[in-house]
Amino acid sequence: MTTVWQYKTSGRLSQTLSEATRPIPVPGDGEVLVEIKAAGLNPADEQLAQSTAALLWFIGATPPTSETPLVPASDFAGVVRAVGANVTEFEVGDQVHGQRFAADGNGFLCTHVVLPASAPFVKMPPGLGFVDAAAAPMAYTTVYDALTHWGRLPFPSGGLGYTILVLGGSSGTGSLAVQLSRQMGCTVVATCSTPNVELVRSLGAEDVIDYKTQDVVARARALGPYAVILDCVGGTDLIPHLDELLLEDERTPDVGIYVTIVGDNPSRDSFTGAVTNYSNPVQALRTWRGLMQDVIPRWVPGRQWVVGKRYACINVNETKDKLRTYQMFLEQGGRVLIDQVFPFGQAREAYARVESGRARGKVVVDVGTGGQARARLSAEASRAGPSSSAAA
Ligand SMILES: NC(=O)c1ccc[n+]([C@@H]2O[C@H](COP(=O)([O-])OP(=O)(O)OC[C@H]3O[C@@H](n4cnc5c(N)ncnc54)[C@H](OP(=O)(O)O)[C@@H]3O)[C@@H](O)[C@H]2O)c1
């Protein structure tokens with residue numbers, strides 16, 4: 001039997017989760033059975049669990065019921081225990097990690113799962129522990145996509161010298177974005193609250209704006225302009241100032257974009273990303289006008305009345321190829337920041353930590369690593385000072 005944490009009603013996962021057992025699933029043609037070792041938690045799990053049935057139907061997700069309980073968690077690391085026919089990429093015993101937005105309620109907070117071999121998961125980079133491997137996939141591919149696809153920055157890079165602003169530098173996503181931007185040869189400015197300033201600096205941010213004590217808009221204006229503003233928090237504080245904040249250079253017309261993975265509404269209880277364009281006409285118009293920047297040629301008369309600053313509110317677009325670049329990120333000294341690891345029996349407490357909105361880095365549930373592999377860069381280490389936080 002496999003043990004799962006599941007929910008039958010909508011609400012906060014710290015309140016609704018209960019443990020159950022199910023038969024171990026059998027992989028079919030093109031599928032793989034994975035024994036889960038660690039599950040990485042994301043705010044998106046909460047947003048799925050707290051959405052109305054109507055919204056869930058709209059995005060093609062399943063509402064929870066007593067007959068169809070759902071299992072949360074979109075990131076995992078584990079070991080392949082069986083492969084179905086026609087699977088060539090994986091063998092029994094492979095250590096794998098990956099992600100899947102668990103909109104079908106078939107998430108990774110369980111001991112065994114069956115996945116199509118084509119799903120966005122890959123063999124783990126050598127030497128990486130299960131906890132670290134489970135923590136990164138969704139957060140990493142989201143910020144990788146934001147910076148490389150939307151921001152049009154090359155990775156691995158060569159000293160482009162641009163400045164990047166990361167809003168939310170101590171978050172699961174933001175802490176990876178700070179490091180990735182540095183690896184791309186950029187100067188990084190990041191925001192966070194007072195207790196996290198040294199941590200974010202230790203990740204590679206040259207300037208840290210403490211949003212508790214400083215005027216973010218004024219400081220951001222002084223330190224810009226930026227090739228990319230990557231917003232991992234949400235809100236509109238900087239939007240009226242994009243003319244000044246975004247880099248505009250005739251020689252590099254492709255750069256200069258505000259990319260948000262959240263949207264105008266910073267609430268953590270409702271869906272973030274592209275879907276929020278449907279409920280916010282102002283944001284949708286800004287998105288459209290930003291897109292027109294790349295569509296309407298500069299010589300078109302009256303262009304300035306239609307076109308806005310480049311702006312995108314995005315969803316993670318996870319692929320195996322993007323996840324494979326994580327190994328390069330690690331080889332260049334990158335580390336996922338782990339806030340806390342909870343034992344499998346404390347899944348509700350783990351989600352309470354995600355719900356708090358104060359996690360410094362990722363929250364992970366140890367499903368069965370047997371104590372193997374804590375993170376090499378941990379919030380605890382950072383509390384001891386920047387030098388020890390960078391220790392391998
Ligand atoms: N669109 C997508 O595909 C996608 C993918 C992944 C995540 N997301 C969304 O992105 C957001 C971040 O996700 P996450 O996993 O990184 O969240 P997280 O790690 O749980 O975020 C918590 C962090 O946010 C920081 N924070 C809160 N308010 C802040 C503010 N005003 N300024 C700066 N930092 C602030 C907190 O730092 P302090 O304690 O210092 O304030 C804390 O470190 C969530 O809303 C999530 O749903 C979207």
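Biologist: Leaving aside its neighbours within four places in sequence, which residues is alanine 117 in contact with?

Modeller: Alanine 117 is in contact with Gly30, Glu31, Val32, Val87, Glu89 and Phe90. Two residues are in contact if their C-beta atoms, placed from the backbone, lie within 7 Å. One caution: this is a predicted model, where local features need pLDDT of at least 70, side-chain atom pairs count only at pLDDT 80 or more, and totals for chains, interfaces and linings use all residues. Residues are numbered from 1 along each chain as its sequence is written.

Biologist: Where does alanine 117 lie?

Modeller: In the loop between β6 (112-116) and β7 (121-123). Helices (H or I, at least four residues) and strands (E, at least two) are DSSP runs, numbered from the N terminus.

Biologist: Why is alanine 117 called partly exposed?

Modeller: Because 18 other C-beta atoms lie within 10 Å. Buried means 20 or more other C-beta atoms within 10 Å of the residue's own, exposed means 12 or fewer, and partly exposed is in between; C-beta atoms are placed from the backbone.

Biologist: New topic. What domains does the protein chain have?

Modeller: Domain 1 (2-136 + 336-373) and domain 2 (138-313). Those bounds come from an automatic or database domain assignment. Their centres, taken over C-alpha atoms, are 29 Å apart.

Biologist: How many residues of each domain are in contact with the other?

Modeller: 18 residues of domain 1 are in contact with 16 residues of domain 2. On the domain 1 side, α2 gives the largest share, 4 residues.

Biologist: And the ligand? Which residues come nearest?

Modeller: Ser171, Gly172, Thr173, Ser193 and Gly273, out of 34 residues around the ligand. A residue counts as near if its C-beta atom, placed from the backbone, lies within 6 Å of the molecule or strand in question. Elements giving two or more residues to this shell are α2 (43-50), α5 (137-150), α6 (172-183) and β9 (187-192).

Biologist: Why does the ligand lie between the domains?

Modeller: Domain 1 and domain 2 both give residues to the shell around the ligand, so it lies between them.

Biologist: Last one. What is the strand order in the open sheet of 6 strands?

Modeller: The order is β10-β9-β8-β11-β12-β13, with parallel pairing. Two strands pair if DSSP finds at least two bridges between them. The edge strands, β10 (207-210) and β13 (310-313), each pair on one side only.

Biologist: How many bridges join β11 to β12?

Modeller: 4 bridges join β11 (residues 228-231) to β12 (residues 257-260). Valine 228 stands opposite isoleucine 257 in β12.
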